Amino acid sequence: MGNNKLVLPMKQPLSLPIRQPLYYGVSPKSTQDDPPYRPQIILASSYARGSFFIRPEQEKYIMFGLWLDKIKERLREGDPSAEVYSDLSSYSLDELTAAIKNGKNGIKKKHGTLKLWKGEEVVALGNMGQNILTARVKSKRWGGRNNVASRWLVEINFDEYGTGYPYIKCQSDEHFWDGVKGADMFCDHMGALLTCLKEVYNNPDAYKGAIRFEEHVKEPYMPFLINPMLEAEVIVKRYVLGQNYYDIDKWLLDKKEIYDPSYLDKIETGKVLYDAVHSKRTKAAKPTNSFTKGDILAPCKVASVMEKCIYKSGFRRVGLNAVEFRGTEWETLCANYEKGNKTLRLLISEQLPPLLIYRESNPADKTDIFYKLHEEEHPFSRPYQEQRTVDDRTRKITKTKIVIPYSPIPLREVPELNETVRPIIGNFKSRYAELIREHYDGDNEELLKKLGLKFS
Ligand SMILES: [Zn+2]
């Protein structure tokens, strides 16, 4: 008979043009001159999960035993960074490993199988030629119902200096769906394969010689080397605390000890950048008493109008997303536009009315890779003032200006912008005024007058 139920098209819910964070990683700067190009994004946590994947089960117990002792010690000492693990202070090793395997955020729940825990023969049929590494890497997921293959073909090409991966490919459907988001993602299978390569390189009998070396090759390059204690912590964050990839990588990339020193040089010299992937799912917004339909439509309209003006002025999208105000309550993923040494970021978030961040870089700019922002410095404390702040994408300390796209003071680089945005900014006017009154460091009445936001 079939299913005769008539499916009515759902009315498209209104959604805010807010970029929901999904992944955060490093990205080798493209050698292509003209954007747009597809960035490659490397997640440091993939090296940790990859190393964990190939680690024999017995070694995993030893690793978590050591980690649990260490975390209990940190808790006793009152280490504030250990506080997230306070629930584990009474755990035995058995309880911890049971939670990782079968708990509510555990491996079984997430992947439908314990293959990631068992770590048996993860890499097979590996072959390392002069510059190309191929292998079949075990799937992490249960394949029964979804017809998931049990092994994926993974290919990694090294450049001639052995310091990067000009081409990466994984057959898995996760890799495919991540690719749809606009980047070539470095995945956990690649992390597993490279960790295995390194071990077999140093000891040809390791992993039953899962990788064959065609000829003498240089030691394989790994931008990140994650020690077992950090590896255990990555796993606990994911499979016990249930944290998302974005937050885990943000935390991990703040640790200097995981970087190969030559990789830090590449960040320093601008050959490697930081980039973030956003979810294709947008945030649906429901009008409520305090949040009218107009409030939702305004940022959508403002965002698209602003983008058109930015393009018209010769700026082009580069990379996927830049993070502004990282680590603060105003942290936002922004589209990144560039024109020579000038950068524009369109900030659309739930916490703040639309803003533009303008940055200008200079060859003399210093780098601060492991920067921390002052939590108490509100974005509205110094609008229109020239500041020097760290650009999260390049980690360079650049000339920065926070611009209110409404004001009569136009931004020289996008002269038409403010005039175009003014008529549609609507309700945000009072929000700008309110935030300036609350947070501006200088004479706020004078600034409000200058910005045309003084209504009396
Ligand atoms: Zn993969």
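Q: Which residues of α1 meet Leu-230, Glu-231, Val-234 and Ile-235 in α8?
A: This is a predicted model, where local features need pLDDT of at least 70, side-chain atom pairs count only at pLDDT 80 or more, and totals for chains, interfaces and linings use all residues. Numbering starts from 1 along each chain as its sequence is written. Helices (H or I, at least four residues) and strands (E, at least two) are DSSP runs numbered from the N terminus, and a contact needs C-beta atoms, placed from the backbone, within 7 Å. On the α1 side, the residues that meet α8 are Ser-45, Ala-48, Arg-49, Ser-51 and Phe-52.

Q: How is α1 oriented to α8?
A: Helix α1 (residues 44-54) and α8 pack with axes 9 Å apart, at an angle of about 95°. Axes here are lines fitted to C-alpha atoms, for helices over the stretch in contact, with angles from 0 to 180 degrees between N-to-C directions. Angles under 35 degrees count as roughly parallel, over 145 as roughly antiparallel, 65 to 115 as roughly perpendicular and the rest as oblique. The α1 and α8 pair is therefore roughly perpendicular.

Q: How many charged residues are in the contact of α2 with α8?
A: The axes of α2 and helix α8 (residues 228-239) cross at roughly 85° and come within 9 Å. Met-63, Phe-64, Trp-67 and Lys-70 in α2 meet Pro-228, Met-229, Ala-232 and Glu-233 in α8. Ala, Val, Leu, Ile, Met, Phe, Trp, Tyr, Cys and Pro count as nonpolar, Asp, Glu, Lys and Arg as charged, and the others, Gly among them, as polar. By class, this contact has six nonpolar residues, no polar ones, and a charged count of two.

Q: Which residues of α3 make the contact with α2?
A: Helix α2 (residues 57-76) packs on helix α3 (residues 93-102) at an angle of about 115°, with the axes 10 Å apart. From α2, the contact takes Tyr-61, Phe-64, Gly-65 and Leu-68, and from α3 it takes Leu-93, Leu-96 and Thr-97.

Q: What is the order of strands in the open sheet of five?
A: Two strands pair if DSSP finds at least two bridges between them. The pairing in this open sheet is mixed, and the order is β7-β6-β5-β4-β9.

Q: Is Leu-125 buried, partly exposed or exposed?
A: Leu-125 lies in strand β4 (residues 123-128) and has a positive phi of about 50° although it is not a glycine. With C-beta atoms placed from the backbone, a residue is buried if 20 or more others lie within 10 Å of its own, exposed if 12 or fewer, and partly exposed in between. Leu-125 has 13 within 10 Å, so the residue is partly exposed.

Q: Is Tyr-384 buried, partly exposed or exposed?
A: Tyr-384 lies in the loop between β16 and β17, with a positive phi of about 65° although it is not a glycine. Because it has 16 C-beta neighbours inside 10 Å, Tyr-384 counts as partly exposed.

Q: Is Cys-309 buried or exposed?
A: Cys-309 is found in helix α11 (residues 293-312). Leaving out residues up to four places away in sequence, Cys-309 touches Val-414, Glu-416, Leu-417 and Thr-420. Since 20 other C-beta atoms lie within 10 Å, Cys-309 is buried.

Q: How far apart are the C-alpha atoms of Glu-160 and Asn-131?
A: Glu-160 sits in the loop between β6 (151-157) and β7 (167-170) and counts as exposed, with 10 C-beta neighbours inside 10 Å. Glu-160 and Asn-131 are 29 residues apart along the chain, and their C-alpha atoms are separated by 7.0 Å.

Note on methods: Contact = placed C-beta atoms within 7 Å.
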